[in-house]
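Please keep the sequence and the coordinates at hand while reading.

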Amino acid sequence: MDNKHPVLLIACDFIKANLHLKISMLDLKQHTKYSERSLQLIFKKHLNKSPFEYIEEQRLLKAHELIKQHKQSKKTTHIATEVGFRHLGRFSVNFKKRFGIHPSVLARS
């Protein structure tokens, strides 16, 4: 993420450190000291996605990493909640869309 806006680095570090929490725009605003609109524009310009799309992507990537790491020693539902997913059905659908495989199938492979 080099050559990116400094506030983007701050926001992304905050997001990655707090994936397990419900992250709101207010949280991002308070942490970065930037307005909601400025944050949205910065994310769109540098990452071509909204802050919430970025959060979702980071959660999916972390879940994928943890599922591969723990295989069947940890339930995929536990991993999903551990990385901040509140709606397990949406997690499964979005995981499959992103990686082409259901999380439970990845855990068994």
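## Overall architecture

The secondary structure of the protein chain comes to seven helices and zero strands, where helices (H or I, at least four residues) and strands (E, at least two) are DSSP runs numbered from the N terminus. This is a predicted model, in which local features need pLDDT of at least 70 and side-chain atom pairs count only at pLDDT 80 or more, while totals for chains, interfaces and linings use all residues. Residues are numbered from 1 along each chain as its sequence is written, and side-chain values use heavy atoms, with hydrogens and water left out.

Taken along the principal axes, the C-alpha atoms of the protein chain fill a box of roughly 45 × 20 × 20 Å. Buried residues make up 36% of its 109 residues, with buried meaning under 20% relative accessible area, exposed over 50% and partly exposed in between (1.4 Å probe, protein chains only). Among contacts with a separation of 6 or more, 58% join residues 24 or more positions apart, a contact being heavy atoms within 4.5 Å.

## Helix α3 and its buried face

Helix α3 covers residues 36-47, and its 12 residues reach 16 Å from first C-alpha to last, close to the 16 Å expected at 1.5 Å a residue; the expected span is 1.5 Å times one less than the number of residues. Leu39, Ile42 and Phe43 of α3 are buried. Seen down the axis of α3, these buried residues fall within an arc of 100°, so they line one face of the helix, the arc being that of the directions from the helix axis to the C-beta atoms. On the other side of α3, Arg37 and Lys45 are exposed, whereas the buried residues pack against α1 (6-17), α2 (25-32) and α4 (51-70).

The axes of α2 and α3 come within 9 Å and cross at roughly 90°, axes being lines fitted to C-alpha atoms, for helices over the stretch in contact, with angles from 0 to 180 degrees between N-to-C directions. The two helices α2 and α3 are therefore roughly perpendicular to each other, a term for angles of 65 to 115 degrees. Met25, Leu28, Lys29 and Thr32 of α2 meet Glu36, Leu39 and Gln40 of α3 in this contact.

## Nonpolar cores

The largest nonpolar core has 15 residues, of which Ile15, Ile23, Leu28 and Phe43 touch the most other members; such a core is a set of buried Ala, Val, Leu, Ile, Met, Phe, Trp, Tyr and Cys residues joined through side-chain atoms within 4.5 Å. Two or more residues are given to this core by each of α1, α2, α3 and α4, and the largest share, six residues, comes from α1. Apart from this core lies another, of 12 residues, among them Leu60, Ala63, Phe95 and Leu106.

## Helix α4 and the positive phi angles

In α4, the buried residues include Pro51, Tyr54, Leu60 and Ile67, and what covers the buried residues of α4 includes α1, α2, α3, α5 (76-82), α6 (88-99) and α7 (103-108). Just after α4, lysine 71 takes a positive phi of about 45°.

Most residues other than glycine have a negative phi. Asparagine 48, in the loop between α3 and α4, has a positive phi of about 60° and counts as exposed at 61% relative accessibility.

Technical notes. Parallel < 35°, antiparallel > 145°, perpendicular 65-115°, else oblique.
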